[in-house]
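Here's a quick briefing to keep beside the viewer. Have a look at the fold first, then read on.

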Amino acid sequence: MAGSGTAHLREGQEDLLLQVEHIVVEFPVGRFGTVHAVSDVSFDLADGETLGIVGESGCGKSTTAKAIMRVPPPTSGRIQLDGVDLATLGAEQMRDVRSRLQMIFQDAISSLNPRRRIRDVVAEPLVIRWLESHRRSPLIRLWERYVPRMLRLWRHPLLRRVGVPLLIAFFVGLALWIAGSAFGTEQPDGTRDGGIVQAAGSVVMIASLVGLAPIVALYAVTAAVWVVLTVLLPVASLPRTYRIWRERKEFWQGAEVQVRQVLEDVGIDADTAMERRPHEFSGGQAQRISIARALILDPKVIICDEPVSALDVSVQAQVLNLLEELKAKYGLSLIFIAHDLAVVKNIADRVVVMYLGKVCEVGQPDELFAHPRHPYTEILMTAIPVIDPAVDPRVARTIPGEPPSPVFPPPGCRFCTRCPNASERCAEEEPQIREIAPGQFVACHHPVAAPEDRVADAPVLIG
Amino acid sequence: MSGLETALPPSSSERVTVNVDAEAAILAEAEETYQARKLGFWFWASAGWLVLLVLSAVFADLLPLKDPTATFRGVARDGPSAAHWFGADNIGHDVFSRTIYGARRSLAVATVATLVGFTVGGIVGLVSGFYRRTLDDAIVAVLDIMLAIPGLVLALALVAFFAPPGTASPTAQTVWATFALSILAVPTIARVARAQTMVWADRDFVLASRTLGTRNLRIIVREVLPNILPAMVSIAFIGLAALIVVEAALAFFGVGDVSGVSWGIMIQNGRSQVDRAPHMVLFPALFMFMTILSLNFIGDQVRTLFDVRESGI
């Protein structure tokens, strides 16, 4: 599966809100390794749509979501929201966009600061917007521009690539010099002449110091500028702090009304909840509160990262219904990440199946779940427990093992190591996404046969 | 929980009947939490001792104490008596009065040093643990070097070098002693702050805050700091106890201002007389011991006190 391509994108459709194209997220591991968490994933989200992303743990669903929120930003690729490419926006412009894009998390209690009151937690987005609306002093803006650049400079690979060998050379020179002076021929006056060894040591040391000097100077100067700016910062921001402080009552009056409203909308009694702290709530209530926090800025898109996976089944349904309700009320579009296929089937208008950082299959949930065409999707379907005593769990088709390491993904199709249909071609050539049925896209060389082609007595795998 | 049907019930009631066993379990757990939060006898005994000591040290001038610098005739090296509760030292000073006055210097120097170390170490640890990478590596290297140098030797060297006894003014000596002690406090507190910051900065609520576009300074101050404070306060109490010992040791070795009264100076004066007049060493040492024990007790309790239950279920 595990294919690339953009055949499933609805280019040209009018109401596309979010277009994610070719995003790649990679993290360095160890000295040379790279985790290929997300490799060339594309999808789009229409206005008012719910896009489900499913796949087993570690397939890059959450990383994709976080990349859209730019925590951390994707390694490459385009993320277009209303025609603006988020992937290349500067941190400052990104702040303006964030109010249109919100996220809720799997572990609701952990996503609320245990030391803050619900009032403060839910009002936080408003506070941030309010604080950002006050113009910052030029010095702070200079600091904000300077520090990231300085850090980038400090981490510049060239410095390490040049600096570390020079440092090693210096110590080698030192060792030579010491060896020369310790074991050289003894002179009449009791000193030792290290001869060529000691001389070579001196030359190496001096040469490496000459090379190191500009690097050390660079670090010293940038650090000095940083220290000066940092010390001046609190003084420079005093007028702004004073303006904010003067407005605080007015702001909190307005904020409290909004917090109340949004808490009522998610079904939390504002009067009792506002002054409490997160640990006094159950998982479901905490998830409602974090939904309230996501809603308070009236966003267009909410990314739900496994929002119900950690909840009781009865509470799952309540939270899902709440999301549906709010979607209509607030005019939201959702990206809904889950590994629970039943949940996705109920809530999503379109589903993307992912495996090891690649897209396998895209389609309407009913069609996709009834007639999965990708072998991986099909196997995912059979993993859904069927509540029927007549069904023998041992006959379910499952695949052994775990996904391969994303540090060394298999070449060709990433699913080929576990795929029942795999051929030699799969290990060599990466399948591209293609439309296999109207509205159903699959990235596979050997897709599962369409229902009409199947042998009549083949077991129907999904209910 | 991945059955299709399970996610379906659209109108399951909000009210869930809790069975009796579960309710009992919840009550038992609540009781347990309450017991853990209750501060025991030893906490109050420790706090009481510290309050008493601090108050009497601060208001020593108002208390009917004998002049700590006055020498009384004919009582030198005498043990405890009605006139001199803790006895008198080798030149006839009242040991009780000197023990109370001595607390002033010991507590003041150690407290100021701890506060400075707490602030500097806290900031260093927060920055290091929050930004990680190169900055963290550099800071950790410096902290490791500081931790590798024996504390007492470092403090002695600093004070003896910058404020040599005999030439520097008493004020300069005290200031340098305080500065040396605060340097000792920095790496320990910074280490704790850094480790805690690393734990808390990985939590989802910090990520949630980032997705709002919150600036790092605000994340550090509003999201991380309140969560790491209990551990830092706890270690600060224990550090305060250690610094009282180091302060006494400095005085014992005769660096820092030795013209005044402090527990360390008293112990130093009495050490050669332990066989004839043990009370000269015993009482200041006992006061120091109890103070340090109390601080350690309180340090331990602070953690439990601030430990918020994170899950309601």
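This is a predicted model: local features need pLDDT of at least 70, side-chain atom pairs count only at pLDDT 80 or more; totals for chains, interfaces and linings use all residues.

A residue is buried if 20 or more other C-beta atoms lie within 10 Å of its own, exposed if 12 or fewer, and partly exposed in between, with C-beta atoms placed from the backbone.

Residues are numbered from 1 along each chain as its sequence is written, with chains lettered from A and ligands numbered from 1 in the order in which they are written.

- Setting aside neighbours within four places in sequence, A:Ala292 touches A:Val122, A:Val262, A:Leu263, A:Val266 and A:Ile268, where a contact means C-beta atoms, placed from the backbone, that lie within 7 Å.

**Chain B**
- Chain B comes out with 10 helices and zero strands.
- Of its 313 residues, 40% are buried.
- Among chain B contacts with a separation of 6 or more, 72% link residues 24 or more positions apart.
- Helices α3 (residues 95-131) and α6 (residues 170-201) of chain B pack at about 35 degrees, their axes 5 Å apart; axes are lines fitted to C-alpha atoms, for helices over the stretch in contact, and angles run from 0 to 180 degrees between N-to-C directions.
- The contact of α3(B) with α6(B) has 21 nonpolar, 11 polar and two charged residues; Ala, Val, Leu, Ile, Met, Phe, Trp, Tyr, Cys and Pro count as nonpolar, Asp, Glu, Lys and Arg as charged, and the others, Gly among them, as polar.

**Chain A layout**
- Chain A splits into domain 1 (16-82 + 300-453) and domain 2 (138-236), with bounds from an automatic or database domain assignment.
- Taken over C-alpha atoms, the centres of these two domains of chain A are 49 Å apart.
- In helix α13 (residues 375-382) of chain A, the buried residues are A:Pro375, A:Tyr376, A:Thr377, A:Ile379 and A:Leu380.
- Those buried α13(A) residues pack against α11 (341-347), β11 (350-355), β12 (358-363) and α12 (365-370) of chain A.

**A:Phe105**
- A:Phe105 sits in the loop between β6 (101-104) and α3 (118-133) of chain A.
- A:Phe105 counts as buried because 25 other C-beta atoms lie within 10 Å.
- Leaving out neighbours within four places in sequence, its contacts are A:Ser111, A:Ser290, A:Asp305, B:Asp204 and B:Ala208.

- A cis peptide bond joins A:Val71 and A:Pro72, with omega about 0 degrees; A:Pro72 is in the loop between α1 (61-69) and β4 (76-81) of chain A.
- A:His22, which is not a glycine, has a positive phi of about 55 degrees and lies in strand β1 (residues 16-29) of chain A.
- A:Asp298 has a positive phi near 55 degrees, in the loop between α9 (283-295) and β9 (301-305) of chain A.
- A:His22 is partly exposed, with 16 other C-beta atoms within 10 Å, and A:Asp298 is partly exposed with 14 C-beta neighbours inside 10 Å.

Key. Helices (H or I, at least four residues) and strands (E, at least two) are DSSP runs, numbered from the N terminus. Two residues are in contact if their C-beta atoms, placed from the backbone, lie within 7 Å.
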